[in-house]
Amino acid sequence: MTQPSASTQRASVSARLADIVGERHVLSRPSELLVYNSDGLPGYRRQPSIAVFPGSREETIAVVRLLAEEELPFVPRGAGTGLSGGALADDIIVVGLHRLKKILSLDIDNRRATVEPGVVNLRLNRHVAPLGLLYAPDPSSEAACTIGGNIAENAGGPHCLKYGVTLNHVHAMTVVLPSGEVVELGSRTGERDGYDLRGAFIGSEGCFGVALDVTVRLTPKPQTVRTLLADFTSVDDAARVTSAIIASGIVPAALEFMDGPTIRVVEDSIYAAGYPRDAEAVLLIELDGIEAGVDADLEVVRRICLDGGARNVKVARDDIERAKLWQGRKKAFGAMGRLAPHLIVQDAVIPRTKLPEILQTIHAISEKHGVLVCNVFHAGDGNLHPNIAYSADNAEESKRVHKAMTEIMNACIDAGGSITGEHGVGLDKMGYMESIFPASSLNAMCELRSVFDPGRRSNPGKVVPVHSCKEWHGVKSARETSAATVPPPLAAEPSRPVAQ
Amino acid sequence: MPGCALPGTPLADALPGINACVHCGFCLQACPTYLNLEDENDSPRGRIFLMRSLLEGTVGPNDPSVKEHIDQCLGCRACEPVCPSGVPYGQLLEATRATLREHQSISPIARLILFVFARPWLLRPAMFFSRILAATPIPTVLSGLKGRLGFAMAMLASTGRSIERARYDVRSRGERGKVATLRGCVMDGLFGATNRATNRVLEVNGYRVVDAPGQQCCGALHAHAGDLENARKLARRNIAAFERSGAEFIAVNAAGCGAIMKEYGHLLKDDPEWRDRALAIGSRVRDISELLAAAGPRVGGPLPMRVTYQAPCHLQHAQRVTQAPLTMLAAIPGLELVPLHDSDQCCGSAGIYNLIEPDTSDAVLEPKLANIRATHASWVATGNPGCLMQIGAGLIRADMGAKAIHPVDLLDASYAAYGQ
């Protein structure tokens, strides 16, 4: 008879949470929790037991302290746009931070803003745009995703090629640890002393605690921006041109790749950008900086494209055309719903020079399994996003799709790549962790986690497979003996996803 | 989907539209109820997930919380123009409401309103009574009352606050074609002056206005509430009436009515006898601003006033008409058009929503009024009776001085001022 006691406990926790945040902001009825059972990757579903939405910093701290007191595990959640199943709560509590959406302060002289974690990325950018500033990380979900979620995943985006990822744009955070203790990570005013715990927290996928406020770096808008669209009749040519541009020494602000199927699905959508439908690939290249330099670079890039087999190189005439080219790229993922009801999206990173051969391999795998792969990705930093649209209701098709995706991921790993550039490991890619990390590295991650969350209550069961921690929870000598018997990893160390 | 839990329902028919949603979440920030209620159950993505769950059987059609969140949707369709996969959200919502109606009853107020609107013999006296009441000081006096009665009175009071204008004569050569106008229910009942102004401005711009007797309520309120049977009945009567008129265009000055009329083809898609006729009539429907923008429109006399524009949801999201109303207002010399922040966000009217979901409606109206206040405009132009009364009532109750007005009335006043 565990059922009654579990439901009694749930009711009592719900009531106490409601005392903190108000009844309207606690959900415990199964039918109301349904929509919280997936993120941006609805192939994975886990039903939470309770969802609670604090509306202020104080409420958030009180909620986390109550959960600490009750020793209850929980999952922090932003806007639920993640693509790795990272914000899923399997019969535990979801703490939604989307109501914390205030921009707390702007320090224009020092180009800093302090925001609450639920602030939507694009809203921050709209807020600071009139001041000639921008917040550089621009994931494709920028119109919906939150800064807190960006921190959890160390989010990237097209412009990270030149500007770096979230990690490079966060000065400091106030964090409530799963124990309820409130700590400051990083420094709002200057350089840090000691270990970079801020760096450890960013990208911790909600396993280390909950950010209460975040001080971000704002970047001045570049003087000049030029956006080029180069179209190709061969995927291979586009891939080689990508490597050639990087090899030329020019660092574009962004260098994006879309293949034929992606182009056509975008052109069918409301975000049709004028990409040539008959192309097999386009490169969307952005150059920014001081006008004279940008124009010189533009000529070099144009030449590389044309010499490399581009049919046309079009330069956006104005901001409207430029925005249109970008909207097509950024909404490509959402547009895949036109092809089939379900979507599997991956996030592998490979060394850029291997782009042509990996794309060929992906093509061969897709032919072999009879699936349609849409490739849309950050070519400049070798961050691939193969998407496969399919119907999960068709078991046979589902099986083929997952098999194909696994082969694609393994091909990327074999090429010396990594399993995530910006989407995080979450639930989706946990199975690959042991093939890219040696057991000792996984154990080090477990130990790092224990510093922030010794009880492993914050987003349990994600990122690092639990058994790889348990295995290494012995005495030091035992650990060393076992280390010798571990098979050599496929890749010694995963390459960093982002070129900086 | 294997094992559909609600086979043969409008919702089951809508499955392809539901399947188009990939759960990307790009709709969240466009949704006024999500932004105000802060629960994903009250977002397009969440509601689509509930629809899918109804079909999967993971939640039953009798579940009160499902109905609550589906009811709380304004139906503003602001999610549609931001959806990369082109999910036909408005159609999904109507199909869901129609399916839930089989299992759960709608609110008594909604039922009464829909009953009256479907019956001209009840609607006419009801509108007559409202008009008489609106002409007395009673609504203004009672507009300060708390709750829905006060709000309803403020809505009525707002209908008597249009712009003064002189009479002027029009003689149209009709070179732009024959136009029949939809009289509408609320427009005919409470905004008769705007309907007359609509005919005049069409004639000034070279259209010949003809009558379409036999026309009735467009059926939008019924369709939005999931009463598809009555919506179809009304649509058939209107199709027949407008066919008889022989008009090339059907001009509609109520954005909500224009939106459903353009979609009559979808409403009657399963009716072999009417489907093609519905598509044909739908293709002739134009918002009044579209016809006027196509004609220029002719420039009138000066109206030195500060005006801001609120885009009705069913004009910009459902019909995707965004520039035409601004083109109309730009034809008025001296009129200073001040941009309204978040003018693409719903005002909370949403047909009869403001009467049946008052709390959410008020929450959505509040930021709208604050944004209007910041413009310092004396007039808020918007081309839909629901929005006119919602914003009008809000302005009265907040004692703001500004008034809501149909853009057609401004253009008409400008023509009246011509040569004076």
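Predicted model: local features only at pLDDT ≥ 70, side-chain atom pairs only at ≥ 80, totals over all residues.
**Exercise 1. Overall form of chain A**

Task: Describe the secondary structure of chain A and decide how its radius of gyration stands against the globule rule.

Solution: 
- Start with the elements: chain A has 18 helices and 20 strands.
- Next take the radius of gyration, which is 23 Å, close to the 23 Å given by the globule rule for 500 residues, so chain A is as compact as a globular protein of that length.
- The C-alpha trace of chain A spans about 70 × 55 × 50 Å along its principal axes.
- As for burial, 52% of the 500 residues of chain A count as buried.
- Finally, consider contacts in chain A with a separation of 6 or more: 73% of them are between residues 24 or more positions apart.

**Exercise 2. Overall form of chain B**

Task: Carry out the analysis for chain B, covering its elements, radius of gyration and burial.

Solution: 
- Chain B contains 24 helices and 8 strands.
- Along the principal axes, the C-alpha trace of chain B extends about 70 × 50 × 40 Å.
- Of its 420 residues, 56% count as buried.
- Among the contacts in chain B with a separation of 6 or more, 78% come from residues 24 or more positions apart.

**Exercise 3. Two domains of chain B**

Task: Locate the domains assigned in chain B and describe the side of domain 1 that touches domain 2.

Solution: 
- The assignment places domain 1 at 10-101 and domain 2 at 299-417 of chain B.
- The centres of these domains, taken over C-alpha atoms, are 27 Å apart.
- Contact between them involves 14 residues of domain 1 and 14 residues of domain 2.
- On the domain 1 side, helix α3 (residues 32-37) of chain B supplies the largest share, 4 residues.
- That side is made up of 6 nonpolar, 5 polar and 3 charged residues.

**Exercise 4. A helix pair in chain B**

Task: Describe the packing of helix α14 and helix α17 of chain B.

Solution: 
- Two packed helices are described by the angle between their axes and the distance between the axes.
- For α14 (residues 228-245) and α17 (residues 275-282) of chain B, the angle is about 65° and the axes are 10 Å apart.
- The crossing of α14(B) past α17(B) is left-handed.
- From α14(B), the contact uses Ala235(B), Ile239(B), Phe242(B) and Glu243(B), and from α17(B) it uses Arg277(B), Ala278(B) and Ile281(B).
- Sorting these residues by class gives 5 nonpolar, no polar and 2 charged.

**Exercise 5. Backbone exceptions in chain B**

Solution: 
- Most residues other than glycine have a negative phi, and most peptide bonds are trans.
- The peptide bond from Gly296(B) to Pro297(B) is cis, with omega near -15°, and Pro297(B) lies in the loop between α18 (288-294) and β5 (306-309).
- Glu38(B) has a positive phi, near 60°, and sits in the loop between α3 and α4 (44-56).
- Asp342(B) also has phi near 60°; its place is the loop between β6 (336-338) and α21 (353-356).
- Glu38(B) has 18 other C-beta atoms within 10 Å, so it counts as partly exposed.
- Asp342(B) has 13 such atoms within 10 Å and is likewise partly exposed.

**Exercise 6. Thr8 of chain A**

Solution: 
- Thr8(A) belongs to helix α1 (residues 2-21) of chain A.
- The C-alpha atom of Thr8(A) is 62 Å from that of Ala230(A), a residue 222 positions away along the chain.

Key: Residues numbered from 1 in each chain as written. Chains lettered and ligands numbered in written order. Domains from an automatic or database assignment. Contact = placed C-beta atoms within 7 Å. Helix = DSSP H or I, 4+ residues; strand = E, 2+ residues; numbered from the N terminus. Nonpolar A, V, L, I, M, F, W, Y, C, P; charged D, E, K, R; others polar. Axes fitted to C-alpha atoms, helices over the stretch in contact; angles between N-to-C directions. Left-handed = near helix turned anticlockwise from the far one by under 90°. Rg over C-alpha atoms; globule rule 2.2 N^0.38 Å. Buried ≥ 20, exposed ≤ 12 C-beta atoms within 10 Å, placed from the backbone.
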